[in-house]
Amino acid sequence: MSDTVLALLDAADPSAPALGAPGRPDLSYADLRALIGESGAALNGFGLGRGDAVAIVAPNGPEMAAAFLAVACAATAAPLNPAYRPDEFEFYLADLEARAVVVQAGDDSPVREVAGRLGLPLVELEPRPDGPAGAFDLRCDIRAAAARPGPAAPDDVALVLHTSGTTSRPKIVPLSQGNVCASARHIGRTLALDRHDRCLNIMPLFHIHGLIGAVLAGLAAGGAVVCAPGFNALRFFAWLEAARPTWYTAVPTMHQAILARASRNAAALAGADLRFVRSSSASLPPSVMAELEETFGAPVIESYGMTEAAHQMTSNPLPPRPRKPGSVGLPAGPDVAVMDEAGALLPPGATGEIVIRGPNVTSGYARNPAANADAYRDGWFRTGDQGLFDDDGYLRITGRLKEIINRGGEKISPREIDEVLLAHPDVAQAVAFAVPHDSLGEEVAAAVVLRPGATAAPRDIRAHVSARVAPFKTPRTVLIVEEIPKGPTGKLQRIGLAAKLGLT
């Protein structure tokens with residue numbers, strides 16, 4: 001098997017479509033391979049090569065996808081969120097020890113001024129206006145010899161991303177060529193992807209889910225990936241009609257936004273021919289899974305991923321094997337176990353910390369021995385998630401260890417409360433979270449977004465929850481809001497939500 005991104009792509013039919021975009025001609029695998037070769041030579045000519053972190057700041061779309069692949073095959077790709085503010089760009093570029101910044105020509109991004117202040121060369125990515133989706137040229141005023149030129153080797157770092165840093169300083173996750181290729185193959189096997197498949201990518205391409213779960217997994221199977229210009233629920237159904245995908249992957253809040261507009265797009269739904277819908281990166285409420293399957297007439301495959309595993313760790317299987325709502329499925333690539341606080345592996349039914357090991361798992365955070373000492377135990381990587389295996393080997397996540405609400409010694413999983421809230425017919429989105437309490441330490445609160453036209457009051461929602469869970473789990477405060485704060489990838493932000501909503 002191939003252990004580099006370049007070799008992974010070489011296995012595809014050269015004439016088959018690789019990258020696409022709504023309303024644009026596809027880029028073939030032969031053209032993608034040529035683009036990667038030309039870009040690698042250009043980067044080497046700018047003094048950039050294997051092991052050099054090259055930041056990429058570009059809007060979502062096929063050029064961003066192709067730039068990730070091109071940089072990963074010749075250097076180390078470091079995609080950054082284009083929405084960052086100058087201080088954020090300065091932190092991430094310095095922390096990455098970036099050697100250069102790729103920025104799309106014509107984009108008035110603050111990263112330009114920050115790169116100048118840090119003395120980093122700018123590499124202009126110029127899309128080819130008459131070319132197929134994803135085609136571009138690289139321009140830079142710098143001319144130098146790369147210390148390590150040529151195509152990447154299996155142990156070279158292909159991709160570096162930061163952890164979210166919700167409660168501490170973000171950590172740098174280096175993922176080798178072998179890590180990302182292993183994960184792409186794992187996803188392909190789980191979903192039985194092949195050259196006939198066509199993915200509609202709506203995930204941001206500065207996030208592991210979009211980069212590996214959509215782009216690299218789709219291309220590793222020889223299929224095509226159609227890259228939308230970011231997520232837009234109002235345009236999703238038009239993209240569905242134009243791209244004719246066999247699958248798409250998204251986070252639960254995106255699925256919910258799509259479902260909210262499904263009734264107004266009956267024609268697009270009637271013409272859709274999805275083989276499956278994939279959900280990952282956050283817990284998918286069973287009610288949303290059921291509504292998705294009814295709406296699209298296709299199975300919904302929920303998986304469990306994280307940056308440190310180059311995305312996928314477990315997944316529900318395709319039919320005819322059972323999909324279990326509320327479960328993230330079976331181990332799907334790496335070894336997965338549940339460990340107690342003493343380091344012993346636990347049997348099915350016992351709750352503990354989820355741990356992983358395997359070819360897709362990072363070998364350690366960059367320049368952070370303290371974090372690595374805490375993250376690894378007896379060769380296992382500690383995910384920070386709490387869960388258990390059922391008797392059939394399916395994994396259920398009971399919460400993020402840092403998110404467990406400790407109400408006077410009673411431990412509450414906010415995910416459990418989320419599911420109860422979402423079972424209320426008037427509730428479209430919901431998130432339970434901790435708020436400070438003088439005597440108990442923490443108390444349960446919840447924020448909900450109502451469905452259009454719904455009129456439920458906070459007391460109605462509290463009554464619904466109290467009828468289904470123990471009194472200590474019932475939120476003392478329910479806020480009805482127009483929108484719940486989300487992170488840059490569309491995940492609901494549980495930690496810190498009390499302060500954002502003025503409950504501290």
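How much space lies in the largest cavity?

**Solution.** The model is predicted, so local features need pLDDT of at least 70 and side-chain atom pairs count only at pLDDT 80 or more, while totals for chains, interfaces and linings use all residues. Residues are numbered from 1 along each chain as its sequence is written, and side-chain values use heavy atoms, without hydrogens and water.

Step 1. A cavity is a set of points, on a 1 Å grid over the protein atoms alone, where a 1.4 Å probe fits but cannot get out.
Step 2. The search of the whole structure finds one cavity of 30 Å³ or more.
Step 3. The largest cavity holds about 30 Å³ of space.

**Exercise 2.** State which residues line the largest cavity.

**Solution.** Step 1. Lining residues have an atom within 4 Å of a point.
Step 2. The residues are S283, L284, E302, G326, S327, V328, R415 and E419.

**Exercise 3.** Describe the aromatic pair of F236 and Y248.

**Solution.** Step 1. Rings of Phe, Tyr and Trp (its six-membered ring) pair if their centres lie within 6.5 Å; planes under 30 degrees apart count as stacked, over 60 as edge-to-face and the rest as tilted.
Step 2. The structure holds nine aromatic pairs.
Step 3. In the pair of F236 and Y248, the centres are 5.1 Å apart and the planes make 65 degrees, which is edge-to-face.
Step 4. F236 belongs to helix α8 (residues 233-243) and Y248 to strand β12 (residues 247-250), so the pair ties together parts twelve residues apart in sequence. Helices (H or I, at least four residues) and strands (E, at least two) are DSSP runs, numbered from the N terminus.

How values were computed: 1 Å grid on protein atoms, 1.4 Å probe; cavity = no way out; pocket = protein on both sides within 12 Å on 5 of 7 lines; lining within 4 Å. Points joined across faces, edges and corners; volume = space filled by probe spheres on them.
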